[in-house]
Amino acid sequence: MTMATASLTSKGQLTVPKAVRDALGLVTGDRVQFVEQDGGFRLIAATRDARELKGMFAGRRKKAASLDEIKASTARGAVRRFQASKR
């Protein structure tokens, strides 16, 4: 496993090392996400061709969510985000 490093600028910017850009298939203008995982963060490419998403959620739910279920889920997410922002 190869380690790649980057330095943070005074403006909070990073240059993603070429080896990492190549491994993730990143090109100019692509977006990345920092996903918290196991006490650290994972860098993932956030730019995907919509065709790659086909079937990603297949089998997760047999019927469409009701409006009440959607509202309840949205409210739970908002509470979690609010609580996390207070930490």
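These notebook entries record what I looked up in a predicted model.

**Basis.** I numbered residues from 1 along each chain as its sequence is written. In this predicted model, local features need pLDDT of at least 70, side-chain atom pairs count only at pLDDT 80 or more, totals for chains, interfaces and linings use all residues, and side-chain values use heavy atoms, without hydrogens and water.

**Salt bridge.** I looked for salt bridges (a side-chain nitrogen of Lys or Arg within 4 Å of a carboxyl oxygen of Asp or Glu) and found one in the structure. Lys-18 pairs with Asp-22, and their closest N and O atoms are 2.9 Å apart. Both residues belong to helix α1 (residues 18–24), where they are four residues apart, about one turn of the helix. Helices (H or I, at least four residues) and strands (E, at least two) are DSSP runs, numbered from the N terminus.

**Accessibility.** I then checked relative accessible area, for which buried means under 20%, exposed over 50% and partly exposed in between (1.4 Å probe, protein chains only). Lys-18 is exposed because its value is 51%; Asp-22 has 49% and therefore counts as partly exposed.

**Asp-38.** I located Asp-38 in the loop between β1 (32–37) and β2. Its phi is near 50°, a positive value in a residue other than glycine. Asp-38 has a relative accessible area of 78%, so I noted it as exposed.

**Phe-41.** I found Phe-41 in strand β2 (residues 40–45). Its relative accessibility is 60%, so Phe-41 counts as exposed.
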